[in-house]
Structure formats: structure tokens, C-alpha cells
Amino acid sequence: MGASQTRPEHNYDDLTDKSGCNRDDLDRIPALNNNPIRKQIITAFFDKRNQHQNDVGSLDEIGFEQFLMVMSHFRPVNSTATEEEKVTVRKQKLRFLFNMHDTDNDGIITLDEYRTVVEELLSQSGAIETEVARSIADAAMLEVASTNVPHMAPDDFYEGITFEHFEQILKGIEMESRMSIRFLDMNTATMRCGKLSS
Ligand SMILES: [Ca+2]
């Protein structure tokens, strides 16, 4: 039996619909319900940088191809991939994560941008106050600064994390299995992409 006979094509009708998918549609994906960085992930789907077409800014809607392009950042590395391919995939994953933090696309994750993500992450638990979350973010950033600029003078201003620093920080961390989202229970038919919700 060929794959074409078993593929649930009707499930993709909504996504392939010309009018595409917006943030509200993705917000209905149950797989992301408990994800602490749900907001960032959804934003990433509409971030033009993740479409690899040398464009910046954000899209109001994405079509099926654009959806797949973003999803491809979460794919596991093929075990038969060459070393060179593995390096490329890793770099793309890192760049995707970096972009997620560098919201204004100036090439640097500033303390403010970093704080936003940390506060978001920690606020999910409900038990940590903003002030505490903020100081955790500040301490982590200071740690990063001292690692990347070991001889920084007291008056030096640490601008933030560049992509090179970011790569360095995550060096040795196995990304391939960590950076995955279980989209298995995603039913695009219920996302109502491109269709009027009734
Ligand atoms: Ca930035």
C-alpha cells in the first residue's frame, strides 16, 4: 500500500488553504498548552527570519510551506547525516533559538531581552515574583558576561550576547533531542486555519 493511500490529506486542508494560519490558530494547539515558552514559540512561526529568505519582520499569517519551514528547526538530525550536515543543522537550530531571544533583531541578546524570557519562564510557576525572576535573570546574565569577557573592567558595559557567544555558551550541550516539541497530537483540522470558526 502506498503512502498516498494512507495519508490523512484532509487534515491539511485548513493549512493549505490560501488564507493560512494566524496566531490564534496556533494558540489552539494542545501540544503547546503547558509549554513555558509557548508565546515565544508561536511568535517564532511568524518571524520572517525563520523563513530563511533574508527578510525580517513578522507575518500576520503563514501558509503550509512556511509552517513546515519553521517546523524543520525541530526535526531530529538524520543518523546518516555527514558531520558537515550535522554542523549545519545545529547552527540552524541555534540561530532559531537565538532569534527567539533577540526579538529586535539587532544581533545581540540584551539584558532586557533575556529578562523577558526568564521572567516568562519563571512566572509560569506562579510562586516566583517578578523581582525575584528579574534578579535571577540579572545574575545569569552577569555569569554569561564574565564567561565571555573574562577581563571586563568594573566600568565596562556588557552589551549582551552575540550569536558567537551564544554558540559558545551552548557548546557541548546536545541540542538534537532537547529541542523537540511533540506535535503528534496536533490535529490541524481543529485548528481551523484559514476557515471561519463556527
Ligand atoms: Ca536584540
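What percentage of the 198 residues in the protein do buried residues make up? They make up 16%. A residue is buried if 20 or more other C-beta atoms lie within 10 Å of its own, exposed if 12 or fewer, and partly exposed in between, with C-beta atoms placed from the backbone. The model shown in these views is predicted: local features need pLDDT of at least 70, side-chain atom pairs count only at pLDDT 80 or more, and totals for chains, interfaces and linings use all residues. Residue numbers start from 1 along each chain as its sequence is written.

**View 1. Elements of the protein.** The secondary structure comes to 10 helices and two strands. Helices (H or I, at least four residues) and strands (E, at least two) are DSSP runs, numbered from the N terminus. Starting at the N terminus, their order is α-α-α-α-α-α-β-α-α-β-α-α. Among contacts with a separation of 6 or more, 61% join residues 24 or more positions apart. Two residues are in contact if their C-beta atoms, placed from the backbone, lie within 7 Å.

**View 2. Confidence along the protein.** pLDDT is the predictor's confidence in each residue, from 0 to 100. Its mean over the protein is 78, and 76% of the residues reach 70 or more. Helix α1 (residues 3–6) has the lowest confidence, a mean of 48. Strand β1 has the highest, at 93. Residues 1–5 stay under 50 in pLDDT, and the model gives them one contact beyond four places in sequence. Residues 7–11 are also below 50, with four contacts in the model beyond near neighbours in sequence.

**View 3. Packing of α7 on α8.** Helix α7 (residues 111–123) packs with helix α8 (residues 130–148) at an angle of about 130 degrees. Their axes are 9 Å apart. Axes are lines fitted to C-alpha atoms, for helices over the stretch in contact, and angles run from 0 to 180 degrees between N-to-C directions. The two helices are therefore oblique to each other. Angles under 35 degrees count as roughly parallel, over 145 as roughly antiparallel, 65 to 115 as roughly perpendicular and the rest as oblique. From α7, the contact is made by Leu111, Tyr114, Arg115, Val118, Glu119, Leu122 and Ser123. From α8 come Thr130, Ala133, Arg134, Ile136, Ala137, Ala140 and Met141. These residues divide into nine nonpolar, two polar and three charged. Here Ala, Val, Leu, Ile, Met, Phe, Trp, Tyr, Cys and Pro count as nonpolar, Asp, Glu, Lys and Arg as charged, and the others, Gly among them, as polar.

**View 4. The loop between α4 and α5.** His52 lies in the loop between α4 (38–45) and α5 (64–71). Asn54 lies in the loop between α4 and α5 too. His52 is not a glycine, yet has a positive phi of about 55 degrees. Asn54, also not a glycine, has a positive phi of about 55 degrees. His52 counts as exposed because it has 11 C-beta neighbours inside 10 Å. Asn54 has 7 such neighbours, so it counts as exposed.

**View 5. Thr103 and Ala44.** Thr103 sits in the loop between α6 (83–101) and β1 (108–109). Its C-alpha is 9.7 Å from that of Ala44, 59 residues apart in sequence. Thr103 is partly exposed, with 17 other C-beta atoms within 10 Å.

**View 6. Gln168 and Asn148.** Gln168 belongs to helix α9 (residues 163–169). Along the chain, Gln168 and Asn148 are 20 residues apart, and 8.5 Å separates their C-alpha atoms. Gln168 has 14 C-beta neighbours inside 10 Å, so it counts as partly exposed.
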